[in-house]
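Please look over the sequence and the structure shown here before reading on.

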Amino acid sequence: MSAMFRSLAHRNYRIWFIGALVSNVGAWMQATAQNWVVLTELTDNDAFAVGITMALQFAPQLLLVPITGLIADRFDRRKILMVTQTLLMLLGLALGLLLVFGHAELWHLYLFALALGLVNAIDNPARQTFVSDLVSNSDMSNAVALNSASFNTARMIGPAVAGFLIVLVGSGWVFIINAFTFLAVLGALAMLKGRQLKRSPRAPRAKGQFVAGFRYVAGRPDLVVVFVMVFLIGAFGMNFPIFSSTMAVEFGRGAGEYGLLSSILAIGSLTGALLAARRERARIRVVILACAFLGFATLTAALMPTYWTFAASTILIGLGAVTILTTANGYVQTTTEPELRGRVMALYMAILAGGTPIGAPIVGAVADGMGPRWALGLAAVAAMVAALIGLGWLVMSRGMRLTRHPRYAWRPAVQFSDAPTAAIAAVATQSVPTVGVDQLEREIEREFGRDRDAERERRIDRDRERASERELVPRVPNDRLVPADFSEEVALTSPIRLPKSRA
């Protein structure tokens, strides 16, 4: 199997991937219908109401981060997902019935968004870290990228299907159809083989467990920088429903064209996820470059004169945004201690999604007061600021500087006085079985019989010494291989001078 899809070699991950893909398509159908209902059916093109809906949906992830992360670290993630996915299915079904029978009002959508946010606050950390129970550590970064590819493949399909169904049968049926897609992920969870699931270390019952994730991140400056960049992108640069819906109205288009914008954006998102899957490891440098690229892409989109040129520019937006999120997610997961991974990922998701309650109303107000192009301009400024923050940290903390390339005079090279922290991809290995001394004696007895002469005695003694030497090197299973920083000090190596050759 190619390096891009190597995680699919794990049976449990294949089953989870298929079930999650079907459910993600339904989730994107619901998200598209939800924002369109608020914007056009329950209000008169009120972008601020869309921002309030998004704020209610994502605020619980910010407020409940100490609790939800500890839940993911302490309890069985498979059982957590069974409960949360069932609740999400029931919520979608309930709102769909309200819309079909014509009883839905704006406060119903607000209440639904809040309930959705409460359940997702528990679901997201468990779902993000569940990948570590399905694959080996060496494939974790790849699995995270493939999850993003599944998510963005669904983004490419779901909004377009939702736009078609809204016109054909009405928005209420989109919510009902989404409810049935949850049966796929519930079935996948039921089909997983429990014996093949990795058992990550569970958080102990002790004082200070609620704030352990905060203390860990505070002691990792590289994670702090990543979280700051992700916050700026999540707050101001990831408000795609506002951008797409208001720009569709700006160009005089309807629900079908609005759904098509989200699908076109997903083309770039899927490309970014697959490119991330090819990389051996996640690097902060990629996050910084992607932030700068996203700023350029959103500024370009704001200047597009027609609907179709704007739609084409969203491909660049999707590519930049997903490269940021996939790389940052993989970096955080592969460099965090396993027993703290749930709490750190809960904090990461809170920073990402929790920025929306702050940024979405501001972006919506700018779109209402000054126009959607200025809202895109605000997103471009936020992305550029995030890139400058990351670049400043590399220069000030890691001593990054440009130097002349050792081979090509015209090409600059980047050097660091202190190598940036990065997750080193663990090479998939298999433990080598060792042969014990007792087993060796039994094999020799089977070959030569119990009548030993001096020659066989010497062979036993010699092989005993060799077996003892082999037993001095313990086995290291794959799940014990953890990401680490590489340096000469860590590797305990130093340059060895070679003898000068004679003329």
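A contact, in what follows, means heavy atoms within 4.5 Å. By that criterion, and not counting residues up to four places away in sequence, N329 touches Q128, V144, M345 and Y348. This is a predicted model, in which local features need pLDDT of at least 70 and side-chain atom pairs count only at pLDDT 80 or more, while totals for chains, interfaces and linings use all residues. Residues are numbered from 1 along each chain as its sequence is written, and side-chain values use heavy atoms, with hydrogens and water left out.

The protein chain contains 19 helices and 2 strands, where helices (H or I, at least four residues) and strands (E, at least two) are DSSP runs numbered from the N terminus. Among the contacts in the protein chain with a separation of 6 or more, 83% are made by residues 24 or more positions apart. Of its 503 residues, 51% count as buried; buried means under 20% relative accessible area, exposed over 50%, and partly exposed in between, with a 1.4 Å probe and protein chains only.

Y348, not counting residues up to four places away in sequence, touches F227, V230, L325, A328, N329 and V332. N329 itself has its place in helix 13 (residues 307-334) and, at 7% relative accessibility, counts as buried.

Next come the charged pairs. The structure holds 2 salt bridges, each defined as a side-chain nitrogen of Lys or Arg within 4 Å of a carboxyl oxygen of Asp or Glu. In one of them, the side chains of D123 and R127 meet at 2.8 Å, N to O, and both residues lie in helix 5, 4 residues apart, about one turn of the helix. D123 is buried, with a relative accessible area of 0%, whereas R127 is partly exposed at 25%. R220 and D222 also meet in a salt bridge, at 2.9 Å, N to O, and here both R220 and D222 are buried.

A nonpolar surface patch of about 830 Å² is made by L93, L97, V100, F101, F164, L168, V169, W173 and I177. Patches are made of residues with over 30% relative accessible area and no salt bridge, like charges being joined within 9 Å and nonpolar side chains (Val, Leu, Ile, Met, Phe, Trp, Tyr) within 5 Å. Helix 4 supplies the largest share of the nonpolar patch, 3 residues. F101 sits in the loop between helix 4 and helix 5 and is exposed, at 58% relative accessibility.

How values were computed:
Areas by Shrake-Rupley, 256 points an atom, 1.4 Å probe, with all protein chains shown as cover.
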